[in-house]
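Please look over the entry first.

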Amino acid sequence: MSRQLRTGLFLVSALGLGALLVWGLVGLHSFGNYPGPYGDLISSLTKPQRHTANAVTAVVFDYRGFDTLGEELILFVSAGATAMLLRETREYDVSDIVDPVRSDATRAFGALAAIVLFVLGLNVVAHGALTPGGGFQGGVVLAAAFLTVFLAVEYHAFHRLAPAWFSEPLESVGVGSYLVYGLVALAIGGSYLENVLPYGTWGRLTSSGSIVLLSWASGLAVCGGFLVIFGEFAQENMAARHRRSK
Amino acid sequence: MIPLQVVAIAFTALGALAVVLARDIVRQAILFSIYGFSLVALFLVFQAPDVALSSLVVGGAAYPLVLVGAIARVRAMQKRDAE
């Protein structure tokens, strides 16, 4: 295809796409004007119905809990696929590689940041029903704490803290307990993932019934899944370094 | 729309444009990280802290890191093949 033809084709399709976009944008409601009933309904219902302070978490782990299960399975499958693809081609055992970051200051602050991130992650998961956050957000922050150890401290330390035999079961237990809770709720309440636990007092750490439980389950799953992915990529790069040094 | 929101939108648009226009793949990954952080600011000023939190780690750090890791690996393999 010649350059001219390609440019012409691009201009025609860009014009068409632009026209569609403008047409769609013109039909939108004005900025900041929310017309739908669902957002208002949810924010007024989560407190009386579920004793949940954070409406977003109530939607994610209760009203729309089945959808979140699908999202967790997506992460589960992609972490598994990453591990399968990368492990297939690995030629060296890199668990004994010592690759410290050379700057002492970076290592010291990195270790400190990792500890702070870890506590913050636990905090975000635990307070999912009360403040912004929840299982997914807390899970990625927890994984980021381990990632900081790899980036700013030492590969060996990261490998020892989050080996595959730890991150893989962590992810599986997280996804598995989400699934199992769904079945338990099915047996007790009559529908899958129904919130059958006592709702507790609004504003407390234990409020919202099963939302807290599912938040922790997905926190473990997300943290484990990201650790599997990070671990594979880190090992892959260390294997390249291993080869270079030989 | 308050000015802060306008700034956040403009910054995100600039970031996205920079990612598309960058030719070098490593620079692209780093620019994507900056774009990820501008998205975090955007979510925050539009009062979506839940999304901002997950975007902070995924878009700002994890995804660019996986990209840079993959690029480094491919370059190492190319180097080996050339030798």
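Two residues are in contact if their C-beta atoms, placed from the backbone, lie within 7 Å. This is a predicted model, in which local features need pLDDT of at least 70, side-chain atom pairs count only at pLDDT 80 or more, and totals for chains, interfaces and linings use all residues. Residues are numbered from 1 along each chain as its sequence is written, and chains are lettered from A and ligands numbered from 1 in the order in which they are written.

Q: What percentage of the contacts in chain B with a separation of 6 or more comes from residues 24 or more positions apart?
A: The count takes contacts in chain B with a separation of 6 or more. Residues 24 or more positions apart make up 50% of them.

Q: What is the radius of gyration of chain B?
A: The radius is taken over C-alpha atoms, and the globule rule is 2.2 Å times the number of residues to the power 0.38. A compact globule of 83 residues would come near 12 Å. The C-alpha trace spans about 55 × 25 × 10 Å along its principal axes. The radius of gyration of chain B is 16 Å.

Q: In what order do the elements of chain B run from the N terminus on?
A: Helices (H or I, at least four residues) and strands (E, at least two) are DSSP runs, numbered from the N terminus. Chain B has three helices and zero strands. The order is α-α-α.

Q: Which element gives the largest share of the side of chain A that touches chain B?
A: The contact takes 17 residues from chain A and 14 residues from chain B. On the side of chain A, α6 (135-153) and α9 each give two or more residues. The largest share is six residues, and it comes from α9(A).

Q: Is His51(A) buried or exposed?
A: His51(A) sits in the loop between α2 (38-50) and α3 (55-63) of chain A. Its phi is positive, about 60 degrees, although it is not a glycine. A residue is buried if 20 or more other C-beta atoms lie within 10 Å of its own, exposed if 12 or fewer, and partly exposed in between; C-beta atoms are placed from the backbone. His51(A) has 21 C-beta neighbours inside 10 Å, so it counts as buried.

Q: How many residues of α1(A) are buried?
A: Helix α1 (residues 3-26) of chain A has 24 residues. The helix lies largely in the open, because the number buried is zero.

Note on methods
Expected span 1.5 Å × (residues − 1).
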